[in-house]
Amino acid sequence: MGANNVLKIKSQIPYGKQQIFSDDVEAVVRVLNSDYLTQGPCIEKFEYAIAQYCQVKYAVAFSSGTAALHGACFAAGVGNGDEVITSPLTFAASANCVLYCGGKPVFADIKSDIPLIDPKQIFLKITDRTKAVIPVDYSGMPADYHEINILVRKHKLIVIADAAHSFGATYKDKKVGSLADMTVFSFHPVKLITTGEGGMVVTNNQKFYERLLLFRNHGITKDPRLLKRKSEGPWYYEMQELGFNYRLTDIQAALGLMQLKKINRFLVRRTEIASVYTNFLKNEINIRSLSVSNDRTSAWHLYPIQLQGKLRNLRKDIVNLLHKRGVMVQIHYIPVHLHPFYHEQFGFKKGDFPNAEAFYEGEISLPIFPKLKTREQFWVLKTLKNVLTSFSSLSKH
Ligand SMILES: Cc1ncc(COP(=O)(O)O)c(C=O)c1O
């Protein structure tokens, strides 16, 4: 790679990125020098700290958010033929986890004005096979848990919140984590705090907790209270279910614990960046930002904008030009039902979920992460404005 390329790559601004401090590195090194790289004391400490933070009883760490979603579906008892309702505007994992358990993902469209699953659409999709609902806190904004919980209580369904984006967000003054039967977080580097790869399920339900523990460790337990047969000695364990090795390592848990100490500053910085975007873009007629209603706060994992009018048809060119200028915006998300797999396996097609599709077609996620410097953000804004101006004059001709 030539020197010019190195310079070019250095001046790129990604849409999301971790922030690692020297105490994070030191915490990892301490584990590397200790007796346990995995299955040691850091896991429980991390789980306890996350449960405390979310004001819930239990937390179970997983090797990724996807593994955590799989675990939550297993704990909920999703099995062959069970239907689980989720949003089409999400990452594939929110629906794939249902398939892993033999269930059938059913999509309910998002609202027309906000990219969150519409409780009215959920209601329309409930059948006597429905087992659970997986609302997705898109971009960090909690879904409409009040309405969703009323619905699911009536139909005796389980709510698994996909809160991969919303660790630290609140809804009606309650922390995300305490709003659903189980809540799933992801600690991928672009998320609110990171463990490299990693995830967590939090819950107040002891039965779910025990099933989650079992599932992430091959379906094996040593807990004397849970054994089905008489113990044969101190080595005795039982495999009671078909589980997986979905364990987080102590190295990762140590990083997570240290990252968690910074959650408030991360949230404050993300909120600051979001409000600068919102302020500077509010008079820009070519785009619309998301507004967060007063009853909730967003964790601002993403800062999604919607292109307006004719510019929507030019999104690909706009994204290409932004990338060329080093603003590495992303698109969240290609609606899950439009992926070839979902089309081929289930026959979903364009037009099935018009709100999610319309949102996708106009969406661009601007860079947002705690390490983004103010001058970099202004450069992003200036570049965006220039690009939009050049395309809006083009679209008039
Ligand atoms: C909404 C959503 N759910 C689940 C996941 C899966 O998390 P992980 O990447 O930790 O497996 C992601 C990851 O980006 C996500 O965005």
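In the predicted model, the axes of helix α4 (residues 65-75) and helix α8 (residues 206-215) come within 9 Å and cross at roughly 125 degrees; axes are lines fitted to C-alpha atoms, for helices over the stretch in contact, and angles run from 0 to 180 degrees between N-to-C directions. Helices (H or I, at least four residues) and strands (E, at least two) are DSSP runs, numbered from the N terminus. Because of this angle, α4 is oblique to α8, where angles under 35 degrees count as roughly parallel, over 145 as roughly antiparallel, 65 to 115 as roughly perpendicular and the rest as oblique. The contact (heavy atoms within 4.5 Å) involves H70, G71, A72, F74 and A75 on α4, together with F208, R211, L212 and F215 on α8. These residues comprise 6 nonpolar, 2 polar and 1 charged; Ala, Val, Leu, Ile, Met, Phe, Trp, Tyr, Cys and Pro count as nonpolar, Asp, Glu, Lys and Arg as charged, and the others, Gly among them, as polar.

Residues are numbered from 1 along each chain as its sequence is written. As the model is predicted, local features need pLDDT of at least 70 and side-chain atom pairs count only at pLDDT 80 or more, while totals for chains, interfaces and linings use all residues; side-chain values use heavy atoms, with hydrogens and water left out.

The largest pocket has a volume of about 730 Å³. On a 1 Å grid over the protein atoms alone, a pocket is an open set of points where a 1.4 Å probe fits, with protein on both sides within 12 Å along at least five of seven lines, and lining residues have an atom within 4 Å of a point. Grid points are joined across faces, edges and corners, and a volume is the space filled by probe spheres set on the points. Of the 27 lining residues, E44, E47, Y209, L213 and R216 are the closest to the centre of the largest pocket. Its lining has 12 nonpolar, 6 polar and 9 charged residues, and the largest share, 6 residues, comes from α3.

The second largest pocket, with a volume of about 390 Å³, is lined by 25 residues, of which F91, A164, S186, K191 and Y333 lie nearest its centre. Helix α4 gives the largest share of this lining, 3 residues. By class, the lining of the second largest pocket has 10 nonpolar, 12 polar and 3 charged residues. Y333 is also joined to H332 by a cis peptide bond, with omega about 0 degrees, and lies in the loop between β16 (327-328) and α12 (340-346).
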